[in-house]
Amino acid sequence: MTKDYTWWKDATIYQIWPASYKDSNGDGFGDLQGIISKLDYVKDLGTDVIWLSPMYDSPQDDMGYDISNYQDIYPKYGTMKDMDQLIEGCHSRGIKLILDLVINHTSSEHEWFKESRSSLDNPKRDWYIWKKPKYDADGNRKPPNNWCSYFSGSAWEWDEKTQEYYLRLFAPTQPDLNWENEECRNAIYDTALKFWFEKGIDGFRIDTAGLYSKDQRFLDAPIVVPGNEFQPSYKYSSNGPRIHEFHKEMFSKVTSHYDAMTVGEVGDCSREDALKYVSAKEKEMSMIFLFDIVMLGTTEGDKYNFVGYDLKQFKDAVKNQADFIKGTDAWSTVFIENHDQARSPSRFGNAKTIKSSFKSSKLIALLQATLTGTLFIYQGQEIGMNNLPRSWDIKEYKDIESINAYNEFVAKHNITDKNDPKLIKFMDAVDTVARDHARSPVQWDSTEHGGFTTGDPWMRVNDNYPEINVESQINDANSVLSFYKRALKMRKNHKDLFIYGQFEILDYDNEKVFTYVKEIDGTKAYIVLNFSDETIKFEPLEKNLKLLEANVDNVTENLTPWEGRVYLVE
Ligand code: NOJ
């Protein structure tokens, strides 16, 4: 890690998920004009960059991560004119804009796939991954291998017309592109990247950035989830043989020609691979998202089998995401929420009451504001939005991932009764980690539907909008929103320490409190965070502490539950 200031290292990035941000025309869906109407709010928060999740034209089987046209806008979100206005509205406020780059797969409605599936000898046949079936001893047709989809079941989809399977690691309507085909790669670069760079955008969040290079042997994956016919394909599909070559090519052919940032969603990889992805000299991506923190407590290959975690594991996860850049020219990210994750106070704090939820949110704000790397905040995080109520039925959930996992679970265990203890445990996991917790509409005020829409919202607004909303927080100096603004300012005012400093944990074995220092060029900060429901005596491990920020009005010799403090060491 080097202290070479760069706009994208210093930046605080705010993620907007268009369906749920703000509806401007009463059709129940968030839209680009809704976002434009909130740009001053976003700026005021302390945001330097907006990451806009997919707004491209799409059948929306996976909320826009199934793109049918990279160069058009989903009509419910608006038009290209609105998009131009958004780019201009961001830039005129000094905000940069990055888009989501979804190029591991397209929608099956994309023209490329329609051509590819039209015949065995279509020139674009090889732009996707087609394989012949296998047959079992009884002559039953089977997929080419045992890879499972991230959304349950097989990763292969049968095409009746051409009598072959195509690979789709996600939904049946999200066929994987064949990155082995150079013509296809060049078409991706021109259509999905250059087009938008020329329109003036400032970079991309790269979706599933580790999945493009599949091991071409397409071998069966090892058994990770016993009892399941289909198994996670990571070994053969993640961080595969040509992945770094592909990223280098994309950088040299396109990204390097612009003053752009890229952040790749990688999730899991060896630290050796991580350095290849983001070391400056490798010329691949600016930074990546690793999932050590957000996957805590989940079971490999079986997300809804939630087994819990302890604070030591949390500390390890924070360290793992940060430490690999030490002494290198690589860069890291800081994030705890996004559109695929539960809300942070519910997941990592105590959201049982509004009071403890708000305090947890502020504690998490201090954690985020003091960690090294580029900081990402997800819409609603800044007001302490939390998970959907446990009482909600699965019918309220919209996300293909949870719905498919639910149906698969019910079928696998022959569940007929909603009170079956196995199903209750499964629903507890949904309550903890489902993606929809992040996807319910932003709560702007206490009017119906939280002021998100004047129509019927596409997804139910969290019942707690009367207590948690922007309007009630904006002029309240003690609100989560005001605290986030302060924490983000603190981060910028001491950017060497917090954005670039060295991170060292002081109390690894403590199961309740997380204490660490940040240090750079002879200056030092001391951060103590009580991640528990208990009051704990504050026993500083350093001398000469001067309080910089805290989530309580008065600090005493005790750390109250979910209390956090940041000190400078003088
Ligand atoms: C990762 C995205 O964050 C997620 O929302 C999506 O379902 C998959 N990639 C597939 O594109």
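How do the residues of the shell around the ligand divide into nonpolar, polar and charged? In this predicted model, the shell is made up of three nonpolar, three polar and seven charged residues. The ligand has 13 residues around it, and those that come nearest are D62, R205, D207, H339 and D340.

For D340, a polar side-chain atom lies 2.4 Å from a ligand oxygen. The side chain of H339 has an N or O atom 2.7 Å from an oxygen atom of the ligand, and for the side chain of H105 the corresponding distance is 3.0 Å. As for how much of the ligand is covered, it exposes 300 Å² when taken alone, and the protein buries 98% of that area.

Q60 has a positive phi, near 65°, and sits in the loop that runs between strand 3 (56-57) and strand 4 (69-73). With a relative accessible area of 15%, Q60 falls under the 20% cut-off and is therefore buried. T208 also has a positive phi, near 40°. Its place is in the loop between strand 11 (203-206) and helix 7 (234-237). The relative accessible area of T208 is 9%, so this residue is buried too.

A further loop, between helix 5 (111-116) and strand 6 (130-131), holds N122. Is N122 buried or exposed? Its relative accessibility is 14%, so N122 counts as buried. Leaving aside residues up to four places away in sequence, N122 touches E115 and S116.

Turning to helix 13, this element covers residues 400-412. Which residues of helix 13 are buried? They are I400, E401, S402, A405, Y406 and F409. An α-helix has 3.6 residues a turn, so residues three or four places apart point the same way. The buried residues of helix 13 pack against helix 14 (421-433). After helix 13 comes N414, and the phi of N414 is positive, near 50°.

Definitions and conventions
Residues numbered from 1 in each chain as written. Predicted model: local features only at pLDDT ≥ 70, side-chain atom pairs only at ≥ 80, totals over all residues. Heavy atoms only, no water. Near = heavy atom within 4 Å. Polar contact = N/O pair within 3.5 Å; in protein donor to acceptor, adjacent residues only side chain to side chain. Areas by Shrake-Rupley, 256 points an atom, 1.4 Å probe, with all protein chains shown as cover. Nonpolar A, V, L, I, M, F, W, Y, C, P; charged D, E, K, R; others polar. Helix = DSSP H or I, 4+ residues; strand = E, 2+ residues; numbered from the N terminus. Expected span 1.5 Å × (residues − 1). Buried < 20%, exposed > 50% of the residue type's maximum accessible area, 1.4 Å probe, protein only. Contact = heavy atoms within 4.5 Å.
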